[in-house]
There are 2 protein chains.
Amino acid sequence: MESKKHQNFNRRHVRESGSARPSLTREGIVRAALKIMDEDGYESLSMRRLGAKLNVDPMAVYYHFPNKSALLDGVVELVMGGIDLSCDDPTQTVEERLCVAAHYYREALLAHPQAVQITAVRSLNTPASLRPVEYLLEILLGTGISHTDSLAFVNIFARFVRGMVLLEIRQMTDTDSLAQEDCTLKSLGDSLPTDEFPLLHKVMENGCFIGEEAEFERGARALIHGLLDEFANKEQAGDQDVK
Amino acid sequence: MESKKHQNFNRRHVRESGSARPSLTREGIVRAALKIMDEDGYESLSMRRLGAKLNVDPMAVYYHFPNKSALLDGVVELVMGGIDLSCDDPTQTVEERLCVAAHYYREALLAHPQAVQITAVRSLNTPASLRPVEYLLEILLGTGISHTDSLAFVNIFARFVRGMVLLEIRQMTDTDSLAQEDCTLKSLGDSLPTDEFPLLHKVMENGCFIGEEAEFERGARALIHGLLDEFANKEQAGDQDVK
DNA sequence: ACCTGAACACCGTTCAAGT
DNA sequence: ACCTGAACACCGTTCAAGT
């Protein structure tokens, strides 16, 4: 059902006539949309503006996408497709491999902070989003962790990375509207009811902040370590499920 | 500066004349806004609809809030104010106390899933959001963890909880539009390119999913354990910063 | 098959005006 | 001090029409 008009990634019979008419492609539209977000923020993407950027009537996009929501799904796919875990080195320890994966996962998301913001509110049960998950599953199952535990692990792991990055981006866009030289710190401390948050103030007032990346890496390492610990102990206790 | 008109939480000289005119309160407006979100989703909150719910001209709200964004900040404050960590039991181990805190943190957020969605995209450097953070800091500093490490710990911890819950809510609203009897699983599996995700399919097809709450609790425990491990080792290595 | 353009029902916000 | 109501500049989307 569902009007297969919108299913195909339109390679039409236009292509072989040279590049006479670039016309409109699903991919071209999505890239333009992403570009608008990257440049001016996710909230300034409108169908009308998109049409302008593509030198086309705003409504032309509706031939290729049923609505704006579908277009945004396309943008999400494009961004999530940028996650590349192929640098994985199977000779390393599992812990190390997962840490590296977390690192590149984050890096890919940080390439398009504005677009990542919209993922907070959109479905992530999509091929490009699940490809890294499938890959991580392979690593975990390879170590003898049970199906049940691997699924839990991978869910927790992927949410950790996405959630962490999402909120890092939030903080980013909060603070770079003010003094961005001192990372995230004084900007916050100043606007805070000093007497109700004595500890926060004490802890922030002399460069205690280790930086976003270091913080992420520490968190990732701790989580991975903790999960491996827990599951490793469980498996040797012998409660494997269906192999 | 900043027009103190919008600063006070308007207790005006109206109150002592009995409840003759309830008129409009900042709090009343915010509660109404939250209610609309709870009932019909965050995206169906509009100034016009809010006015209707309050039996008032839509523009009346603009006397109490400079714009919709400020109103949403109010909603966020209301929801974050619902986080209550006072059930903390200092006689327990730190690990246990933090796990309990994570549990109630999550619980409070899950009370208003729709409103939590908007926090993904709004500043969280706000009193109600930081109050739990301040409290957690107290726990951590009390164990002798350094300032630097406590700050990192608390940042990671708070982001973990928020991010986790945020993405849990996303998944929730994705899946309850379809078959909601089997938790999160088949609904996903069906719409998935079966051949590209063999492991995901294998792992999901017989009830391997342990449930959202269990998953969260496991993740939280693993993270907390991992962080305590790392920092405990560090402190005894002697690199304390200013006490 | 692919794009246009007018039209519709909504937004958030401003501002002068009412009480 | 607090609320109203018209008006403005935007939205996303539908639909009949053009090529």
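A residue counts as buried when its relative accessible area is under 20%, as exposed when it is over 50%, and as partly exposed in between, with a 1.4 Å probe and protein chains only.

The structure is a predicted model, in which local features need pLDDT of at least 70 and side-chain atom pairs count only at pLDDT 80 or more, while totals for chains, interfaces and linings use all residues. Residues are numbered from 1 along each chain as its sequence is written, chains are lettered from A and ligands numbered from 1 in the order in which they are written, and side-chain values use heavy atoms, with hydrogens and water left out.

**Chain A as a whole**

Chain A has 11 helices and 0 strands, where helices (H or I, at least four residues) and strands (E, at least two) are DSSP runs numbered from the N terminus. Of the 243 residues in chain A, 50% are buried. The accessible surface of this chain comes to about 11700 Å², and carbon and sulfur atoms hold 52% of that surface; such areas come from the Shrake-Rupley method with a 1.4 Å probe, and for residues only the protein chains shown count as cover. If contact is taken to mean heavy atoms within 4.5 Å, then among the contacts in chain A between residues at least 6 apart in sequence, 69% join residues at least 24 apart.

**Where the two chains meet**

The contact between the chains takes 66 residues from chain A and 66 residues from chain B. About 5800 Å² is buried between chain A and chain B, and carbon and sulfur atoms give 66% of this area; buried area is the accessible area (1.4 Å probe) that two parts lose on being put together, summed over both. Across this interface there are 18 residue pairs in polar contact, both residues being at pLDDT 80 or more. A polar contact is a pair of N or O atoms within 3.5 Å; within protein, one must be able to donate a hydrogen and the other to accept it, and residues adjacent in sequence count only if both atoms are side-chain atoms.

On the side of chain A that touches chain B, the elements that give two or more residues are α6 (113–119), α7 (127–142), α8 (147–175), α10 (198–204) and α11 (212–237) of chain A. The largest share of that side, 18 residues, comes from α8(A). By class, the side of chain A that touches chain B has 34 nonpolar, 13 polar and 19 charged residues, where Ala, Val, Leu, Ile, Met, Phe, Trp, Tyr, Cys and Pro count as nonpolar, Asp, Glu, Lys and Arg as charged, and the others, Gly among them, as polar.

**Salt bridges**

A salt bridge is a side-chain nitrogen of Lys or Arg within 4 Å of a carboxyl oxygen of Asp or Glu. The structure holds 26 salt bridges over all chains, and the count between chain A and chain B is 8. The table lists some of these pairs.

| Pair | N to O distance |
|---|---|
| Glu230(A) and Arg218(B) | 3.9 Å |
| Glu230(B) and Arg218(A) | 3.9 Å |
| Glu27(B) and Arg31(B) | 2.4 Å |
| Lys53(B) and Glu39(B) | 3.0 Å |

Glu230(B) lies in helix α11 (residues 212–237) of chain B and Arg218(A) in helix α11 of chain A, so this pair joins two chains. Glu230(B) is partly exposed at a relative accessible area of 24%, whereas Arg218(A), at 15%, is buried.

Glu27(B) and Arg31(B) both lie in helix α1 (residues 26–40) of chain B, 4 residues apart, which is about one turn of the helix. Glu27(B) is partly exposed, with a relative accessible area of 39%, and Arg31(B) is partly exposed as well, with 45%.

Tyr135(B) lies in helix α7 (residues 127–141) of chain B and is partly exposed, at 28% relative accessibility. Leaving aside its neighbours within four places in sequence, Tyr135(B) is in contact with Leu85(B) and Asp88(B). The C-alpha atoms of Tyr135(B) and Asp88(B), 47 residues apart along the chain, are separated by 9.8 Å.

Asn55(A) lies in the loop between α2 (47–53) and α3 (61–64) of chain A, and has a positive phi of about 55° although it is not a glycine. In chain B, Asn55(B) lies in the loop between α2 and α3 (61–64), has a positive phi near 55°, and counts as exposed at 72% relative accessibility.
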